Amino acid sequence: LPVGFSMGSLSLPAMILRSRTANMSLTKVSRMTFFSWLGGEKSEAFASVSEGLCKTYKTKLYPLEEFYKFHDFHSPALDDPDFKSKPMILLLGQYSTGKTTFIRHLLEEDFPGMRIGPEPTTDRFITIMNAPEEGVIPGNALVMDNKKQFRALSGIGNSFLNRFQCSTIPNQVLESVTIVDTPGILSGEKQRIDRGYDFTGVLEWFAQRVDRIILLFDAHKLDISDEFKRCIEALAGNEDKIRIVLNKSDMVDHQQLMRVYGALMWSLGKVFKTPEVSRVYLGSFWDQPLHYDINRRLFQDEQHDLFADLQGLPRNAALRKLNDLIKRARLAKVHAYIIAELHNQMPALIGKEKKKNELIENLDIIFEHLQRAHNISPGDFPDVNKMREKLQIYDFNKFQPLKPKLLQLVDTMLAYDIARLMAQIPKEEAVAANTEGAPKEQSVRGGAFSHVKEIETPFGFGKGEGFDRGSNEAEWVVNRERSK
């Protein structure tokens, strides 16, 4: 001890213990200060991006959704398989546009439950997944499987589940992606009502979870029916996932094809209310000879571009899930502000029903007020008419006031957790690429994709054409056309 130091009534062991406790407290305070500067709490390292998304959603975003009844208004809660599942491709179109034939062309084999015909044949949602043996899992059993991402569909009812199934088949394409075939969309109000379930609601659920939506059109059937228009409108907010295919393009010659393409673009412009032009892939996606061979090279180029887009889905799957979670978080925050505002404006005792109807009627004015008050973009708000419709059945007095702590959790997630997970994606890809036995490129293999690009062989896409013409021949190509 230093000279002149007085221990007082404390013994030496007690002094040492008190000193250690003080040091531990200082260390704890400094750690808390450091992590609060970072974003409110200690950062956690995740084994993978999908695991990080899952834990972040459950701890940061789910409490806010549950507190403000987000799942009743917008989308059911996410489960573990939603973050860990393979990329999904959803095919959508009117009947007899070649949806099922397109899937068969990709897989290069039949799958259980497949029916192809000129009349409306596919009458159910069929999810085609990879499995060691062929089989069919009915809808009621499928939604009970906690390893698959379809549990939330159980709330739609038996009328839908009776028309929902999973077809399993061993196929190399399905090792990387899952494909969803849908019933052909009909025209007329009667057919829509007779389905017995909310068809557009099911499509909306799938649209929020799939990685790619392919809209198929027939070269002879360019009209967009009322139900098809409603289905396309249900995909709002997921325009980045949509790809449009003009199928059966070989049924018309090059002159008619130009007019058909122009008519399709005109029809799409009335449905997709955007100034940008949608990319349309032309082709005939089946294994039969072309009726008009004059556009063969065009169809090959278009198929190559579409397949290249689909092959990149496994590589970008983590980024897509991250993007969807950010969109969901922004919507959940706006929903919390709306519910809290409705709660605050309700009277305490009398005139509740009258005030409720008045608030629903003036919901667009409330949206404008919240935009200015919280500096929120108009694009983050839900559709006002759908929100009015869903608010009719709720008691506004049971809504909760604004809880800043829950909103702060979501802000922390968006500011720090999402940024960390985004930085982890390239590192995870690099580790997977350098792992022994892992594929060098995460892309879809097998089926029709195996014929798209074979760079190593003279039979690959574009080989022997253009500047590459005659590259594998002993004789100069000019010698054959010297007379010309």
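# Rings, strands and a few side chains

Visitor: Which residues do ring pairs link into a cluster?
Guide: Ring pairs join Phe125, Phe150, Phe160, Phe164, Tyr197, Phe199, Trp205 and Phe206 into a cluster. Rings of Phe, Tyr and Trp (its six-membered ring) pair if their centres lie within 6.5 Å; planes under 30 degrees apart are called stacked, over 60 edge-to-face, and the rest tilted.

Visitor: Before we go on, what sort of model is this?
Guide: This is a predicted model, in which local features need pLDDT of at least 70 and side-chain atom pairs count only at pLDDT 80 or more, while totals for chains, interfaces and linings use all residues. Residues are numbered from 1 along each chain as its sequence is written, and side-chain values use heavy atoms, with hydrogens and water left out.

Visitor: OK. How many aromatic pairs does the structure hold?
Guide: There are 23 aromatic pairs in the structure. In one of them, the ring centres of Tyr197 and Phe199 are 6.4 Å apart and the planes are at 55 degrees, so this pair is tilted.

Visitor: Are those two buried or exposed?
Guide: Tyr197 and Phe199 are both buried. Buried means under 20% relative accessible area, exposed means over 50%, and partly exposed is in between (1.4 Å probe, protein chains only).

Visitor: Which rings have the charged end of a lysine over them?
Guide: The ring of Tyr95 has the charged end of Lys221 over it, 3.9 Å from the ring centre. The charged end of Lys403 sits over the ring of Phe67, 5.0 Å from its centre. The rule is that NZ of Lys or CZ of Arg must be within 6 Å of the ring centre and within 35 degrees of the ring normal.

Visitor: New topic. Where is Thr100?
Guide: Thr100 is in helix H5, residues 99–107. Helices (H or I, at least four residues) and strands (E, at least two) are DSSP runs, numbered from the N terminus. Thr100 has 7% relative accessibility, so it counts as buried.

Visitor: What does its side chain make a polar contact with?
Guide: The side chain of Thr100 makes a polar contact with the side chain of Asp181, at 2.7 Å. A polar contact is a pair of N or O atoms within 3.5 Å; within protein, one must be able to donate a hydrogen and the other to accept it, and residues adjacent in sequence count only if both atoms are side-chain atoms.

Visitor: And which way does Asp181 point?
Guide: In strand E5 (residues 178–181), Ile179 and Asp181 point one way and Thr178 and Val180 the other, and all are buried. In a regular strand, side chains alternate between the two faces of the sheet.

Visitor: Which strands pair with E5?
Guide: Strand E1 (residues 88–93) pairs with E5 in the parallel sense over three bridges, and Leu90 stands opposite Val180. Strand E2 (residues 125–130) pairs with E5 in the antiparallel sense over three bridges, with Ile126 opposite Asp181. Two strands pair if DSSP finds at least two bridges between them.

Visitor: Why is E2 called largely enclosed?
Guide: Five of the six residues of E2 are buried, so the rest of the structure largely encloses it. E2 also pairs with strand E4 (residues 164–169), in the parallel sense over six bridges. The bridge partner of Ile128 in E4 is Ser167.

Visitor: Last one: how many disulfides are there?
Guide: Zero in the whole structure, where a disulfide is a pair of cysteine sulfur atoms within 2.5 Å. Cys54 is buried at 5% relative accessible area, and Cys166 is buried at 0%.
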